[in-house]
Each structure stands twice: as C-alpha cells, then as structure tokens.
Amino acid sequence: MKSATGIEKLDKILTGGFPENSTILLRGSPGTGKSTLCQQFMAKGLKSSQPGIYITLDTAPDDILKNMKRFNGIEQHISNKNMIFLDAYSWKVGGGKNEVWKRVLQGGLDINSLNVMLSDMLKDMTEKEKRSVFDSVSTLLLYIPSDLVVRFIPILIAKCKQARSTQVLILEEGVHDDEIVNTLSYLADGVIEMKMEGPKRYMRISKMRGSSCSHDWIEYSIEDSGLSVA
C-alpha cells in the first residue's frame with residue numbers, strides 16, 4: 001500500500017506515493033519547499049480520512065493551519081479529532097496552553113519530554129493508518145547534542161512504525177556534518193533531496209526502499225495552491 005503525497009506527478013513517479021509505515025527524509029536548503037511538501041502530504045492524508053500528528057519546532061501551529069487551508073478542499077477535513085500538533089515551538093515565545101488540537105512542550109526543548117508526549121499522542125489516536133511530520137530535525141540539533149538526536153531518531157521511527165504511521169522528517173541541507181546526514185539518510189526508508197539553481201527548483205528521489213522509481217532530478221514549482229512537479 002502507498003500513502004499518496006497529494007502532488008500528482010510526484011505520486012506517479014513513486015507509483016502511488018510513499019510506502020505505508022515508511023520514514024521519509026526531506027533534505028534541502030531553506031526556501032526549497034520542504035514544509036510545503038509536508039503540509040500537502042498531511043492534507044492529502046486528512047482528505048483520505050487518515051489522522052495526523054504534526055511535530056513543529058520551527059513554526060507556530062496556527063501559522064501551519066493557515067498555510068494548509070490554501071490547499072483546495074482541506075478546510076472541511078481539519079478538525080480537533082483528526083489532526084493534532086505537538087507544539088515544540090511556542091516555548092521560545094513564552095509558552096502556550098494545551099488544547100484539544102495541540103499539546104504544548106513546556107520549559108524548553110527536551111528529548112525525554114518530546115519522546116513521552118509523542119508516545120502519549122500516538123496511543124491516543126485510532127488504530128488506523130496515520131501520518132506524522134517532524135519539522136524539523138535540524139532545529140532539534142540546534143538545541144540537543146547530536147549524539148542524543150542520532151540515538152533518538154531510531155526510537156522515533158520505531159514508535160511511528162508500530163503506530164502504523166507514515167512519517168516525514170525535515171533536514172536542512174548545508175548546516176550539518178556529513179556523518180549526521182549520512183546516518184539519518186541510512187535510517188530513513190526514503191530520501192528526497194531538494195535544491196535551488198537560480199530561480200528554478202529541483203528534487204530527486206535518491207533512495208526509496210521497495211521501489212524502482214527514477215533517481216533523476218525533476219523540476220518543480222511552488223505556487224499559491226502548493227508544490228507541483230513540472
């Protein structure tokens with residue numbers, strides 16, 4: 001089974017989407033649209049009645065919801081029951097309060113607290129297939145020693161697989177040493193690289209377990225309605 005990304009031509013290249021219960025690493029420089037791709041992936045899941053957990057370290061949940069509502073037909077599918085945020089951002093601007101649609105990490109970014117909160121959220125969700133986004137691993141690496149992060153990611157992957165969640169992790173290109181990038185790429189089931197060359201954007205599927213899809217660079221664009229492949 002596949003989890004469609006909601007990007008028609010990318011899903012065609014992937015012969016339907018990401019493998020279910022897989023972990024996909026998005027690598028790219030700032031401005032390449034990694035978060036946009038994640039939000040479209042989440043929106044497609046909500047339209048398909050798949051609940052989602054969005055772990056955000058870089059952006060306020062309200063802003064993510066605002067961005068997602070530009071995708072056609074998504075607003076009617078967003079509810080307190082089918083999409084929950086793990087808010088690991090708001091502590092930087094004075095905290096926030098837990099609500100039905102979000103759980104707020106208090107007092108700073110801490111691996112153990114993050115792990116416990118995610119475990120509880122996964123247990124609370126239904127047994128059906130679900131989706132999760134981690135935006136981003138790079139921000140986690142800014143606050144937590146890299147050796148702890150590298151040990152945490154396999155735990156994160158295992159928890160999500162056990163909970164029947166297809167997950168996408170974001171990693172900024174050019175800010176981490178090769179050992180970290182190579183380790184995270186090895187741990188993931190799939191890796192998509194994204195880059196900019198002048199005004200144009202390109203992506204390639206450099207790894208996708210269980211798939212024989214093309215590894216060529218393909219051009220894409222970002223418009224008001226989201227990311228689309230040429």
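**Notes on the aromatic cluster, the sheet and its helices**

1. Tyr54 and Phe85 are both buried (under 20% relative accessible area; exposed is over 50%, partly exposed in between, with a 1.4 Å probe and protein chains only). The model is predicted: local features need pLDDT of at least 70 and side-chain atom pairs pLDDT 80 or more, while totals for chains, interfaces and linings use all residues. Residues are numbered from 1 along each chain as its sequence is written, and side-chain values use heavy atoms, without hydrogens or water.

2. How many aromatic pairs does a search of the whole structure find? There are 4 (ring centres within 6.5 Å, taking the six-membered ring of Trp; planes under 30 degrees apart are stacked, over 60 edge-to-face, the rest tilted). One of them joins Tyr54 and Phe85, a tilted pair with 5.7 Å between centres and 40 degrees between planes. Tyr54 sits in strand E4 (residues 52-56) and Phe85 in strand E5 (residues 83-87), 31 residues apart. Strands here are DSSP E runs of at least two residues, and helices are H or I runs of at least four, numbered from the N terminus.

3. Phe85 also pairs with Trp101. The centres are 5.9 Å apart and the planes at 85 degrees, so this pair is edge-to-face. Trp101 lies in the loop between E5 and strand E6 (102-104), so the pair ties together parts 16 residues apart in sequence. Phe85 has 1% relative accessibility and therefore counts as buried. Trp101, at 14%, is buried because it falls under the limit. Tyr54, Phe85 and Trp101 form one aromatic cluster.

4. Now the sheet. It is open, has 10 strands and mixed pairing, and runs E6-E5-E4-E7-E8-E3-E9-E10-E11-E12. E6 and strand E12 (226-229) are the edges; each has a single partner strand, so one side of each lacks a neighbour in the sheet. The twist averages 20 degrees from one strand to the next. Pairing requires at least two DSSP bridges between two strands.

5. Strand E8 (residues 165-172) deserves a look. Its partners include E3 (residues 23-28), parallel to E8 over 6 bridges. There, Ile24 is opposite Val168. E7 (residues 130-135) is also parallel to E8, with 5 bridges. Phe134 has Leu169 as its bridge partner.

6. Is E8 mostly covered or mostly uncovered? It is mostly covered, with 8 of its 8 residues buried. In a regular strand, side chains alternate between the two faces of the sheet. On one side of E8 are Ser165, Gln167, Leu169 and Leu171; on the other are Thr166, Val168, Ile170 and Glu172.

7. Glu193 faces Arg204 of E10. Helix H7 (residues 178-187) packs on the sheet, touching E3, E8, E9 and E10, at about 150 degrees to the direction of E3.

8. Helix H6 (residues 146-162) packs with helix H4 (residues 111-124) at about 5 degrees, their axes 11 Å apart (axes are fitted to C-alpha atoms, for helices over the stretch in contact; angles run from 0 to 180 degrees between N-to-C directions). The two are therefore roughly parallel (under 35 degrees; over 145 is roughly antiparallel, 65 to 115 roughly perpendicular, the rest oblique). The contact (heavy atoms within 4.5 Å) includes Leu114 and Leu118 of H4, and Phe152 and Lys159 of H6. H6 also lies across E3, E7 and E8, at about 155 degrees to E8.
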